[in-house]
Amino acid sequence: MTLTPHEVAVSQLATDQVVPLDRIKSLRFIKNNIIGNKTKKDLYIQLGIVSRLQDIISVKDDKDSQLKIQAVIVLGSFAFGNESNILALANSGVVEPLLNCLNPSGDPKLIEAAARTLNAIYASPKVSRQQLFMGNHLHVLVQLLDTFSSKHRPGQEIVQVHTAELVASILARCCETLEQQMQIADSGAIPLLMRLLASGISKSQEAALGALAALVKDNPELAQVIAQMRLEKGERPAPFILRLVRDKSPTMRLAAATCLTYLNRAGVIPEHDGDIMLIVLPILVKMLQLTGAVQETAPQVLAHLIWESENMQKAVCDMEAIPKLASIISQMDEEDNVYGIVGQKDKLKENSLLALAAISQLKEDCRKQVIEAKVLSHIVSAMSHPAVGVRAAACQCTRSLSRSVKNLRTSLVDAGIENPLFQLLSDEDLGVLRSATATLCNIVLDVSPMKKTIMERGIVAKFVRMISYGDNVVRLNTVWAIKNLVFEAESEVKENVMRQFGYNNLVLLLNDSEPAVQEQALNLVRNLAHKREHDIEQVFRGLGNGQLLSIIEEKLSWDDPRLLEHALYVLVNIATGTEYHKQSILKRQGILRSVLRSMNHESAAIRVASIWVIINLTWPDDKVSHSVHECVALLRSMGFEDRLLALDTTDHDLDVNNRVKTALQHFLMDQQQYGHNNNVSGVPSDQTGSGIGRHGHSSSRYPDPQQQQDISPSSSSSSGDAFGGSAGSAMDTTHIVTGGSGAGGHDRR
């Protein structure tokens, strides 16, 4: 059987009997065939070339480095193919022998070729970085950053500079975790990157900026170290990089803007906040109109820079960034429909959607611009895109837009968001599921017309499956959504939700390993036990009197202020119930001691919450006046009145002061009626009283609801509660006053 020239070429790589010159000739033949030819690359991989190449570069004898160099170059050609080719290389084990080729005493051209191939392999986020951080590999790699090393050979300066640039790029691509960032920093890379930054060689400076940006991203510790360093002429890095952000090269401007963005977000260059706003921000917006890799990356950097910054988001809106981004997304969709090239520019679409999500995160005017740009239909369409990154980014957009009551009631409904969002709740990708569950928190609000239909579609059953999901963010978003679902809901709705969800699942969430999940679970209890005595009784029956209060008592012992505050407000709501509900609290000496201790907490919000417990327990009611008297006597004997008197003279917080005066009034009324008698004849009995007439006293018993901006998964869901107030339904950033007894208002995600 006659072999094809390709099969012959591969076979000549397999044996040491073939003279090196012929093997080099075969490698060059293969290289010339595969460059830019995906079909040929696939063919050679099927012929088993990767293992043959690996054998060649694994030989420790460097007598003929040309053979190794050609083999490494061919591997690099495969690595510049699609991701499946990169994974085929990585899975075959070529990374380790390539790292071994980086020996500083070896052939500089072999080192450069190996660094180039490794850089191409590490371009895939799916390739493990673990081997780089094992053994001596990282130390050896960092040495190659030093272009002034005495170990370098004369006449090889250009190769050495190119190698340093490639090494900086490799380091940038291997900074995925905090641990990796710290290991690279500990290896001595930062001073060498600083030297490369000040080298005056454009490509070297770009590579250094990329590595420095990767090191400081989401790492305030390293950001502070780098911001305080000095370049060779004694200058701090930030002013130097600000000059580079005005460079004529778009790639240099982007690299400099990226590095400054991460330093700014780390909060280590506050003296340059004005420069970021007036120089970096406009440059990033202008880059949206460029092409290629710069246009692809600029929206992502822009999104990161303006995230959670209301001023920057407004500034970007004023710079007409939204029409530019809308034009990119709309034009891409038109090209996809005409030419059928879905997938070629997925990253550009993903990053553009992320930028729109960031711009419309906080400002209603910016959300209005997004709607007016007629891009909403493209956003909804992107929620069903085959690329997971595009789906997740589209969901982020929807989440930002859903923070607007007007959009929830009109635009999003008209655009048909409900069906794709519901489908994404079953998405296999974790990032998509996180975004979808966060968006759902807003969709189930009372102000949303979609709440009813999404409940009818079986959303609670999906919640049950999602709380068992192994991801903390998904679990947090799920309990947050349930909390919103029952906010100010009728008793029938609450019972229906908990019948499907199960109080056993609520117990699991109340004892979750993540404090943020526990916090939202406490808020869910607050909302379930809010508004009616019947609702409180349902929670008592569902969780069990003893179990519920034992959980609350345990949370009151935590140092976490958020858990403490919300646990206190669960008591606030329970204390609006029947005499039996109030007695259940009064029987728990541990709970009462915790409430007393909380009255001296450093947080005014916690002091307010603890005093509301006292106000509710002692609320005057003619129908059960003797029971109220026994309650007052018990609390007085434990020192509550003395503590209130002390706060009345020493606490200058207005809200605390007002609550103290209300509570002291209850003690004064009791004293006027019964006299000052600390002889407690016993804790009130277990019989169920007739309630305390809570609906007749809303003006005095329910302070105005307060709102709190909630963006990150770990942030609090609501602020100060009211007497009998709910936890609010979590909706990020936009303030909505619910009035009446509402406590946290609509708390959006």
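Mentor: In this predicted model, the residues of H2 that meet H3 are Phe 29, Ile 30, Asn 33 and Ile 34, and their partners in H3 are Lys 40, Lys 41 and Tyr 44. Sorted by class, this contact of H2 with H3 comprises four nonpolar residues, one polar residue and two charged residues. Two packed helices are described by the angle between their axes and the distance between the axes. Here H2 spans residues 20–34 and H3 spans residues 38–46, and they pack at an angle of about 140 degrees with their axes 8 Å apart. H2 is therefore oblique to H3, because an angle has to be over 145 degrees to count as roughly antiparallel.

Turning to the charged pairs, the structure holds 30 salt bridges, among them one between the side chains of Glu 83 and Lys 126, with an N to O distance of 3.6 Å. Glu 83 belongs to helix H6 (residues 83–92), whereas Lys 126 sits in the loop between helix H8 (108–121) and helix H9 (137–143), so this pair ties together parts that are 43 residues apart in sequence. Glu 83 counts as partly exposed, at 30% relative accessibility, while Lys 126 is exposed, with a relative accessible area of 59%.

The loop between H8 and H9 also holds Arg 129, whose side chain meets that of Glu 176 in a salt bridge of 3.7 Å, N to O. Glu 176 lies in the loop between helix H10 (157–173) and helix H11 (178–186), and the pair links distant parts of the chain, 47 residues apart. Arg 129 is buried, with a relative accessible area of 5%, whereas Glu 176, at 45% relative accessibility, counts as partly exposed.

Another salt bridge joins Lys 531 to Glu 488, where the closest N and O atoms are 3.2 Å apart. Lys 531 is in the loop between helix H34 (515–528) and helix H35 (533–543), and Glu 488 is in the loop between helix H31 (472–485) and helix H32 (491–501), so the pair ties together parts that are 43 residues apart in sequence. Lys 531 is partly exposed, with a relative accessible area of 24%, and Glu 488, with 18%, is buried, because the cut-off for buried is under 20% relative accessible area. Finally, a network of salt bridges links Glu 490, Lys 494, Arg 532 and Asp 535.

Conventions. Residues numbered from 1 in each chain as written. Predicted model: local features only at pLDDT ≥ 70, side-chain atom pairs only at ≥ 80, totals over all residues. Heavy atoms only, no water. Axes fitted to C-alpha atoms, helices over the stretch in contact; angles between N-to-C directions. Helix = DSSP H or I, 4+ residues; strand = E, 2+ residues; numbered from the N terminus. Parallel < 35°, antiparallel > 145°, perpendicular 65-115°, else oblique. Contact = heavy atoms within 4.5 Å. Nonpolar A, V, L, I, M, F, W, Y, C, P; charged D, E, K, R; others polar. Salt bridge = Lys/Arg side-chain N within 4 Å of Asp/Glu carboxyl O. Buried < 20%, exposed > 50% of the residue type's maximum accessible area, 1.4 Å probe, protein only.
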